[in-house]
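Dear colleague,

Please find below the structure that I am handing over to you. My findings follow directly after it.

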Amino acid sequence: MNTTVQTAGAPAPASAPSGSPGDALGLSAARARSAVLEKEIRENPGRFRVLTGDRPTGQLHLGHYFGTLHNRLRLQRLGVEMFVLIAEYQVLTDRDAADDPAGHVEELMLDHLAVGMDPARTTIFTHSAVPALNQLLLPFLSLVSVAELGRNPTVKDEIAHARQSSVSGLMFTYPAHQAADILSCKANLVPVGQDQLPHLELTRTIARRFNDRYGAGSPVLPRPDALLSDAPLLLGTDGTKMSKSRGNAVALAAGQDETARLIKGARTDAERHIAYDPAGRPEVSSLLLLAALCQGRTPQEVAGEIGAAGAAALKRVVTEAVNEHLAPIRARRREYARDRGLLRRILREGNERATAVADDTLAEVRVAMKNHH
């Protein structure tokens with residue numbers, strides 16, 4: 001749920017659930033709605049509660065940092081209430097077993113705390129510690145059809161690329177489980193990329209159907225909005241999608257020497273003159289964009305300074321920019337890593353907070369369902 005964990009009506013596309021006009025999230029409508037939401041967040045951040053999250057499969061990298069962590073930190077600074085889910089149950093959707101889940105949970109926490117997420121303002125919690133969240137999955141599954149679950153684009157893509165010979169039933173429940181993640185804490189805002197809009201569409205559909213069936217004229221569950229983010233497209237060092245599993249990404253926790261080694265081995269091209277051309281020269285452009293993001297400049301400015309000095313000079317500039325930008329983050333990470341007891345306390349307190357909120361939601365759901373019968 002990479003995150004996550006998470007929205008304005010538009011005409012329903014062919015893949016939208018039948019009988020749910022207004023739930024479908026057309027991209028143009030989602031962008032327009034997000035612009036309105038950004039203005040409302042600045043004016044009244046206290047009326048929003050965000051849910052977002054990640055699957056704990058290892059350390060986070062630069063793609064995560066500029067793609068999601070940076071935005072979470074921005075929303076926290078604006079005063080939005082944040083819930084960050086470490087979705088360890090979702091690791092099991094496409095794996096027989098999770099390797100060292102407790103260790104990965106701590107790594108994710110370290111990355112969030114290092115970039116500046118404040119546990120006094122942001123609730124960090126895990127699936128396994130919030131029983132009420134997972135109990136919501138059952139009534140939510142009763143509100144959607146197998147066909148609706150099966151045609152979710154992310155589910156179809158995950159099934160197509162699964163590393164297993166067969167697909168578990170948990171994979172099909174993945175979108176409904178995300179709905180439980182979001183609705184358990186009554187989040188009304190979820191930062192997403194455009195590929196995650198179908199997940200949120202299903203969450204809105206589930207909330208609407210529950211309210212229609214059990215709400216007796218008064219909504220029990222919110223229909224959360226998508227805050228669409230145009231995350232910068234950073235390629236991995238091999239020129240493909242940046243991914244922990246492909247070993248082509250610079251982890252936030254990587255040391256200076258490892259960072260230099262990874263960037264030195266990054267793919268470029270044969271042209272000596274360095275220019276920003278994402279379509280024609282994607283690998284070079286991705287490196288320029290990375291340096292620019294770290295330095296708060298444009299990639300064109302970075303390219304102009306390098307000029308005809310070639311790929312080696314480009315990689316030196318990128319390495320220096322990354323190491324300088326990450327230096328304070330890495331220092332904070334080391335400080336937090338020295339006190340594992342503090343990490344456990346932060347997680348325990350986050351779990352307690354999330355449990356209290358989810359318990360209240362589940363109680364409301366049960367009352368509504370009982371009164372309906």
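The structure holds zero disulfides. A disulfide is a covalent bond between the sulfur atoms of two cysteines. Cys 185 has a relative accessibility of 3% and therefore counts as buried, the cut-off being under 20%. Cys 294 is likewise buried, with a relative accessible area of 12%.

Please note that this is a predicted model. The mean pLDDT of the protein is 87, and 88% of its residues reach 70 or more. Over residues 1-23, however, the pLDDT is below 50, although this stretch has 87 contacts in the model beyond near neighbours in sequence. Where pLDDT is low, the predicted coordinates should not be read in detail.

As to the overall composition, the protein contains 14 helices and five strands. It has 373 residues, of which 53% count as buried. The protein exposes about 16400 Å², and carbon and sulfur atoms supply 52% of that area.

I turn next to the strands. Strand β2 (residues 81-86) and strand β3 run parallel and are joined by five bridges. Strand β3 comprises residues 122-126 and is mostly covered, with five of its five residues buried. Thr 122, Ile 124 and Thr 126 point one way from β3, while Thr 123 and Phe 125 point the other way.

Lys 186 is in the loop between α8 (169-184) and β4. Its phi is positive, about 50°, although Lys 186 is not a glycine. Most residues other than glycine have a negative phi. Because its relative accessibility is 25%, which falls between the cut-offs of 20% and 50%, Lys 186 counts as partly exposed.

Gln 194 is placed in the loop between β4 and α9. With a relative accessible area of 46%, Gln 194 is also partly exposed. Which residues does Gln 194 contact, leaving aside its neighbours within four places in sequence? They are Leu 27, Arg 31 and Leu 228. The C-alpha atoms of Gln 194 and Ala 226 are separated by 9.4 Å, and these residues are 32 apart along the chain.

Finally, Leu 289 lies in helix α11 (residues 282-295). Leu 289 counts as buried, because its relative accessibility is 14% and the cut-off is under 20%. Apart from neighbours within four places in sequence, Leu 289 is in contact with Pro 232, Leu 233, Leu 234, Tyr 276 and Pro 299. Pro 299 is 10 residues from Leu 289 in sequence, and the two are 5.0 Å apart in space, C-alpha to C-alpha.

Yours sincerely

Note on methods:
Residues are numbered from 1 along each chain as its sequence is written. This is a predicted model: local features need pLDDT of at least 70, side-chain atom pairs count only at pLDDT 80 or more; totals for chains, interfaces and linings use all residues. Side-chain values use heavy atoms; hydrogens and water are left out. Helices (H or I, at least four residues) and strands (E, at least two) are DSSP runs, numbered from the N terminus. Buried means under 20% relative accessible area, exposed over 50%, partly exposed in between (1.4 Å probe, protein chains only). Accessible areas come from the Shrake-Rupley method with a 1.4 Å probe; for residues, only the protein chains shown count as cover. A disulfide is a pair of cysteine sulfur atoms within 2.5 Å. Contact means heavy atoms within 4.5 Å. pLDDT is the predictor's confidence in each residue, from 0 to 100. Two strands pair if DSSP finds at least two bridges between them.
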